[in-house]
Amino acid sequence: MDKLKIVGGNQLDGELTISGAKNAALPILAGSLLSSEVINLQNVPQLNDVATMLTLLQSLGVKVIFDERMNLQLDSSDISSYCAPYDLVKTMRASILVLGPLLARFGQAKVSLPGGCAIGARPVNFHIQGLEAMGAKITVKNGYINASAEKLSGANINFSRVSVTGTQNIMMAAVLARGETVIKNAAKEPEVIDLANFLNSMGAKIIDAGSDKIVIEGVETLKESKYEILPDRIEAGTYLVATAITGGKIRLKQVVPEHLTAVISKLEEAGAIIDVGDNWIDLDMRSKRPSSVNLETTPYPGFPTDMQAQFCALNSVASGSAIIKETIFENRFQHINELHRMGADIEIQGNNALIKGKKILTAAPVMATDLRASAGLIIAALAAQGETVIDRIYHIDRGYERIEEKLHQLGADISRESG
Ligand code: UD1
């Protein structure tokens, strides 16, 4: 298993181009199943989760071609299977995103239940209930969701809780359904808007994505499209925090600053000087120690749960104390046990982490437990005294493109040990 070795203490300094967003690419790749014509995608990040989704699509019969500039061509004209097997779904929960498209275009789908994961139970009941409201017959047997429908019908769907992939799955099912679907309490994340823009570029009729009420008028078929995936706001936020914890300075390029409003505001509160333009963000920490910041994770436009671990690391070395409240996932504090090993002073009380900033963290062998937890550990290691070795970094390769190369480019002392 690969490990990352990081010797802390170097101030990050430089420019970085942000990759395409994992959480936009995954639903868009699944959405390509909705058309029998060729889909061209640009700015697809090269990540293990993307590779897993492509393997899944290929197992269904989708032809996948990369051109010389790594643009992706997907041809779903000849589908031979409607099944997302357990082996793929268990490595990546987002595999559930093929459920809506398969059902909408072919009237059948069999998708393994994702089961639990490191950050909580993460059920898919909203996905199932939404599709049932659209007329699908669904049974869950032997660990698989079996869904069928001659033709889905538009429905009014009111989520009891905001769900990102739930909203995306129903939106994809609704584009080929008969009549109008209204999704209430819909997720407003930029990745939901990106999926809607992609589907509309194929001829779908989706309005008001990005608001809490999305209206979808079903169409008969979808056509070809050429589409560019939006930049990854979580990757961008991670590098901003990584720079801030080292007291450094960075310019991020190819970002949408507006998508990072909540994160930028917390970094300013922590003492960073931040300037933004159309598609860039400058952060300068001027060698200062960060100040502690309280925060609470909430659905977009609130503070993202996918940035919580990174801010736990930042607060661990900040001046003062802070409370971080996690309201989205019930078990998303696993990085804290590892931060303790580096000397952090953090107490968990229910879904609150009470963090007292220490002047210095010390290197230790630590273990990555999930994707964003790994990012938190890398950030802590960049500021710690000595060499931290992070094990199980396959988690980080799921969602961060060439992370050690990018951090190295900014001046970090980081290397990968294959094993
Ligand atoms: C997506 C993101 C993930 C991010 C999360 C929250 C992708 C591929 N993943 O995950 O990076 O951390 O949004 O921003 O985009 N829930 C139910 N029943 C359901 C669905 C969800 O109870 O059927 C609950 C979940 O357990 C969780 C909450 O709703 O407590 C929100 O989860 P959701 O937004 O669905 O997360 P994902 O879409 O899986």
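**Entry 1: the ligand**

I started with Asn125, where a polar side-chain atom sits 2.6 Å from a nitrogen atom of the ligand. Before going on, I note that the model is predicted, so I keep in mind that local features need pLDDT of at least 70 and side-chain atom pairs pLDDT 80 or more, while totals for chains, interfaces and linings use all residues. Residues are numbered from 1 along each chain as its sequence is written, and side-chain values use heavy atoms, with hydrogens and water left out.

Next I looked at the oxygen atoms of the ligand. One oxygen atom is 2.6 Å from a side-chain N or O atom of Ser163. For Asp306 I also find a side-chain N or O atom at 2.6 Å from a ligand oxygen. The protein covers 89% of the 750 Å² of accessible area that the ligand has on its own (Shrake-Rupley method, 1.4 Å probe; for residues, only the protein chains shown count as cover). A polar contact here is a pair of N or O atoms within 3.5 Å; within protein, one must be able to donate a hydrogen and the other to accept it, and sequence neighbours count only if both atoms are side-chain atoms.

Then I listed the shell. It has 18 residues, and Asn125, Ser163, Thr165, Asp306 and Ile328 come nearest to the ligand (near: a heavy atom of the residue within 4 Å). Both α5 (125-133) and α6 (164-174) supply at least two shell residues, and α5 gives the largest share, three residues. Helices (H or I, at least four residues) and strands (E, at least two) are DSSP runs, numbered from the N terminus. By class I get eight nonpolar, six polar and four charged residues in the shell. Nonpolar stands for Ala, Val, Leu, Ile, Met, Phe, Trp, Tyr, Cys and Pro, charged for Asp, Glu, Lys and Arg, and polar for the others, Gly among them.

**Entry 2: empty space**

I went looking for holes. Rolling a probe the size of a water molecule over the atoms shows where empty space is left. My terms: on a 1 Å grid over the protein atoms alone, a cavity is a set of points where a 1.4 Å probe fits but cannot get out, and a pocket is an open set with protein on both sides within 12 Å along at least five of seven lines; lining residues have an atom within 4 Å of a point. Points are joined across faces, edges and corners, and a volume is the space filled by probe spheres set on them.

The whole structure has three cavities of 30 Å³ or more. The largest cavity comes to about 40 Å³, with a lining of seven nonpolar residues, one polar and no charged. I count Thr238, Tyr239, Ala242, Ala375, Ile378, Ile379, Ile403 and Leu407 around the largest cavity, and α8 (233-245), α12 (371-383) and α14 each supply at least two of its lining residues.

**Entry 3: single residues inside**

Buried or exposed for Thr238? Thr238, in helix α8, counts as buried because its relative accessibility is 4% (buried: under 20% relative accessible area; exposed: over 50%; partly exposed in between; 1.4 Å probe, protein chains only). Its side chain makes a polar contact with the side chain of Tyr400, at 2.8 Å.

Lys406 lies in helix α14 and, at 2% relative accessibility, is buried. I also checked Lys406 against Ile18: they are 388 residues apart along the chain, yet their C-alpha atoms are separated by 9.7 Å.

Helix α1 (residues 22-31) is mostly covered, with nine of its ten residues buried; among them are Lys22, Pro27 and Gly31.

Where is the cis peptide bond? I found it joining Tyr300 and Pro301, with omega about 10°. Pro301 is in the loop between β18 (295-296) and α10 (308-316).

Asn142 has a positive phi, near 50°, and is not a glycine. It is in the loop between β8 (137-141) and β9 (144-148) and counts as exposed at 71% relative accessibility.

Ser287, no glycine either, has a positive phi of about 60°. I place Ser287 in the loop between β17 (280-284) and β18, exposed at 53% relative accessibility.
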